[in-house]
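The exercises below ask you to read a structural model step by step. Work through each task before you turn to its solution.

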Amino acid sequence: MTKQILFTTACLAAAGGAAAGDMFSDLRSWELRTAPAADLASAIGVRPDGVLAVSGAPSGFFATTASYRNYRLHVEWRWPGKEGNAGVLLHISEGPMDRVWPLSLQVQTKSGSAGDVLPMAGATFAEPLTGDKPAVKARIAAGSELPAGEWNSADIVARNGVIEVSVNGVVQNRVTGTLPREGRIGFQLEGTPYELRHVELTPLE
């Protein structure tokens, strides 16, 4: 299995030095959808150290142009200032929208809720939801996220309709029977600036 570097490659390419054999050669492999419309460069700043600074505005998401089915996804994020709201969007598919949010399954990175899983815009899974604004499959362990300024990691495994989520090494969620079972991978812009690094995808057979 070959590990795919999602963001590190894009950063290197923007600086003029993408590594041979990496999955994405530059940010043209990503698409931004926001309301109001904006361009990708205005929403994401690429730093020389390979960290992506995400503006958090306008509201929407940015996503790969390619789709994936069975994979392991590693994501590192932090809040450089105040803590806020964001999420990793899995299996983004064409279909109904919930305001600016696409048909997808969201793994929350929202402060205080990291590890919750939400079905977005008509997506589904077998487990019951709790709460109503929004309804979520709440994490199963005590919160394991770190304070603002420190790097968090999420490890997400998607395989044959099952999604498992760990935050900073703690198993936090598992959902089954997910629909859709494949699609694009993306990240939310939901008002608060945050940073991303070491976003890596390993396909699973």
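**Exercise 1. Backbone exceptions**

Where is the place of N168?

Solution. N168 has its place in the loop between strand 11 and strand 12, where helices (H or I, at least four residues) and strands (E, at least two) are DSSP runs numbered from the N terminus. This is a predicted model, in which local features need pLDDT of at least 70 and side-chain atom pairs count only at pLDDT 80 or more, while totals for chains, interfaces and linings use all residues. Residues are numbered from 1 along each chain as its sequence is written, and side-chain values use heavy atoms, with hydrogens and water left out.

Most residues other than glycine have a negative phi, and most peptide bonds are trans.

**Exercise 2. Strand 14 and its partners**

Which strands pair with strand 14, and in which sense? Explain also why strand 14 is described as largely enclosed.

Solution. Two strands pair if DSSP finds at least two bridges between them. Strand 4 (residues 52–54) pairs with strand 14 in the antiparallel sense over 3 bridges, and V54 has Y194 of strand 14 as its bridge partner. Strand 6 also pairs with strand 14 in the antiparallel sense, here over 7 bridges, and R72 has T202 of strand 14 as its bridge partner. Strand 14 is largely enclosed by the rest of the structure because 7 of its 10 residues are buried.

**Exercise 3. Aromatic pairs**

How many aromatic pairs does the structure hold? Characterise the geometry of the pair Y68 and Y71 and of the pair W79 and Y194.

Solution. Rings of Phe, Tyr and Trp (its six-membered ring) pair if their centres lie within 6.5 Å; planes under 30 degrees apart count as stacked, over 60 as edge-to-face and the rest as tilted. The structure holds 5 aromatic pairs. Among them, Y68 and Y71 form an edge-to-face pair, 6.5 Å centre to centre with 75° between the planes. Y68 is buried at a relative accessible area of 10%, and Y71 is buried at 1%.

W79 and Y194 are edge-to-face because their planes stand at 65°, with the ring centres 5.8 Å apart. This pair links distant parts of the chain, 115 residues apart: W79 is in the loop between strand 6 (71–78) and strand 7 (87–98), and Y194 is in strand 14 (residues 194–203). W79 counts as buried at 2% relative accessibility, as does Y194 at 3%. Ring pairs also link W30, F62 and F187 into a cluster.

**Exercise 4. The surroundings of S166**

Is S166 buried or exposed, and which residues is S166 in contact with, leaving aside its neighbours within four places in sequence?

Solution. S166 is found in strand 11 (residues 162–167) and counts as buried, at 18% relative accessibility. With contact taken as heavy atoms within 4.5 Å, and neighbours within four places in sequence left aside, S166 is in contact with S153, A154, D155, V171 and Q172.

Methods: Buried < 20%, exposed > 50% of the residue type's maximum accessible area, 1.4 Å probe, protein only.
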